[in-house]
Amino acid sequence: MSARPEILFPLFSELESLSGVGAKTAKAFAALRIDAPRDLLFSLPYAGIDRKFRASISEVEPGQVATVEVEVLSHHPGRNKQAPYRVIVRDALTDFTLVYFHAQPAWLLDKLPVGAKRVVSGKVESFDGHFQMAHPDFLVAPKDVGQIPDFEPVYGLTAGVTSKLMIRAIREVLTRAPALKEWVDPELKKQEHWPDWIDALRSAHAPVGPDDVSPNSPARRRLAYDELFAHQLTLALARSQLRKGHGQVSLATGVLQTKVLNALPYSPTNAQSRAIEEISADMAAGARMNRLLQGDVGAGKTLVALMALLIAVEAGGQGVMMAPTEILARQHLAGIRPLAEHAGVVVEILTGRDKGAERRRKLDALANGDIQILVGTHAVFQSDVIFQNLRLSAVDEQHRFGVAQRMLLGEKGNASDVLVMTATPIPRSLSLAQYGDMDISVLDEKPPGRRPIQTVLISSNRLDEVVSRLRAVIKDGAQAYWVCPLVDESEVMDLTAAEERFKHLRAALGETSVGLVHGQMPSQEKDAAMQSFQNGEIQVLVATTVIEVGVDVPNATIMVIEGAEHFGLAQLHQLRGRVGRGQAASTCVLLYRAPLTSGGENRLKTIRDTEDGFVIAEADLAMRGAGDLIGTAQSGLPNFWIADLEHQAGLMAIAQKDARVLLGQDPKLETARGRAARVLLWLMRQDQAIRLISVG
């Protein structure tokens, strides 16, 4: 593997090589993720303080900062050590007080002699109608006024790292930072009026006004783009590596697909037809397909996946459909098998439950090619599961695989194509950050015949009305989910809440009508409870959020979500999607406890007013920000230093396109711009990408 370029050595040396930084300070910096001088460069100020000179503090509102020249009028020590020390001063228009706590009188008399002129800068407060400034940030003689910046950058700090230390360390690193050759496409750079990399850093660390700390300043957009470009280059390299693995040409004949489509009571939506065409073209191309099928709850992903699996069978091979849980695998089987039978295609299921002779029989049939489509849990990836000719792996990955797992997945079949499905609508900028190595098909229409779900907000003090309404509708044969609130993110307390509600509803609706399912149950019990709900043996299923994922009970027409204000938008949307799957009209009741916070109210109103998952996802991004939206830790979403996916979303798409174009023209990054991009990958610590080029 190639080594880090020498030009970057000064940025990756020890932090202790900076003046004034010892082992203890280096440890303090580590709390800010700062381990090398390079990290200081990317720790940009998040705000700035306006310290422009003013004639009088009466020119600013209380709470703002003022910088004024004053004459010292008198000193008033506190009556005891606890009382504040006050110095009365006068600016051009008014008298005010400088306030010091735990003061050293001798120091103050020396710094502020009566009759002297001084310049002070600090936050102005109003107390009993009088202006005051407690502990000014700056106190200098008029000749030293140059020490006070007009606009002072504000950095994220931690115990042991002061603003002065941060600014001093960053200044020193800026003197070491080399000018690097340009990796940005020259046309783009010109069009965006972006500075060179080193100038962008200098400018971002020396803002002269609020516009310079906004995500839209040219310097910040340039630096954010660099970060996104490096990330997309890594994903594009992973993608080209996967495609280089010899793919198979799977040509669709359309024979089996037509039989299935003719058996459907409806026609596919335009979005479904478009996705099927995209998948068909990928599978025929001979390069490995690596595609994400993204569709809202009820957008008809299963039909698209079945068509893709049938292409594999039409081409003389096999397909596998993998789901995260056994209950979901069985549900896929129930959805796929009756349709596949119209085309004479053999579908079988394999889960951890298959043992002994039964398992052996299935494995033999699979190896002989007698099973054409296999549905299962991750059990289908055990080493003794051998396909005769696996051409497509479809994964219903309710919670996302990272890039690494996706690459492993592709290794099971000799170069089988990979289709990953997600029911979580993701804003475009985030889907590119997370799935930038994949091509994306989006299902953004609902199949015909899907009835809208009526969503209502009801205060929890009307709980009894909701229960009596429930009693009436289950008499008529309807079924309902009752999802219990999230309690302090503690599963034990969530469980207590669910058990309490379960007892209460059994007392109100009858012993045999109500079932309970929660995350602490052994999976067999959970499946059994779900099964009896699916079979209509119980009318109301009380649950913690374990039912969020994929369960299909067409007869369930009511979803009650208790403590709805504690749930995120995406979760509310997923939960609501459990109803409205049959012919009858469905309702989602959001029970909330008043008074609502403004955030809680916004979330509930958003859910009430739209069923479009993509609209909800964009609203969620705006309300919560990217990090919270998909829980960075488990999602494989990178932790960006500068890029802000809410405010700079458009840059991600540009970065993805540029990365793919550059690799298309220069797969080994050997041209001048390619070599500059290699330096960028080292700078951004994208070691995985560098390994892929070296291997490539």
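Me: Is the crossing of H18 and H19 right-handed or left-handed?
Reply: This is a predicted model, so let's start with the geometry. Helix H18 covers residues 569-576 and helix H19 covers residues 598-609, and the two pack at about 35° with axes 10 Å apart. Their crossing is right-handed.

Me: How do the residues of the contact of H18 with H19 divide into nonpolar, polar and charged?
Reply: On the H18 side you've got Leu569, Leu572, His573 and Arg576, while H19 brings Arg603, Leu604, Thr606 and Ile607. Sort those by type and the contact comes out as 4 nonpolar, 2 polar and 2 charged.

Me: How many disulfides does the count come to?
Reply: Cys484 is in no disulfide, with the sulfur of Cys588 as its nearest cysteine sulfur. By the 2.5 Å cut-off, the count comes to 0.

Me: Which is Cys588, buried or exposed?
Reply: Buried means under 20% relative accessible area. Cys484 passes at 2%. Cys588 has 0% relative accessibility, so put it down as buried.

Me: What percentage of the 696 residues in the chain is buried?
Reply: The chain has 25 helices and 21 strands, and its C-alpha trace spans about 100 × 70 × 45 Å along the principal axes. Its accessible surface comes to about 31100 Å². Of the 696 residues, the buried share is 52%.

Conventions:
Residues are numbered from 1 along each chain as its sequence is written. This is a predicted model: local features need pLDDT of at least 70, side-chain atom pairs count only at pLDDT 80 or more; totals for chains, interfaces and linings use all residues. Side-chain values use heavy atoms; hydrogens and water are left out. Axes are lines fitted to C-alpha atoms, for helices over the stretch in contact, and angles run from 0 to 180 degrees between N-to-C directions. Helices (H or I, at least four residues) and strands (E, at least two) are DSSP runs, numbered from the N terminus. A crossing is left-handed if the near helix is turned anticlockwise from the far one by less than a right angle, and right-handed if clockwise. Contact means heavy atoms within 4.5 Å. Ala, Val, Leu, Ile, Met, Phe, Trp, Tyr, Cys and Pro count as nonpolar, Asp, Glu, Lys and Arg as charged, and the others, Gly among them, as polar. Buried means under 20% relative accessible area, exposed over 50%, partly exposed in between (1.4 Å probe, protein chains only). Accessible areas come from the Shrake-Rupley method with a 1.4 Å probe; for residues, only the protein chains shown count as cover.
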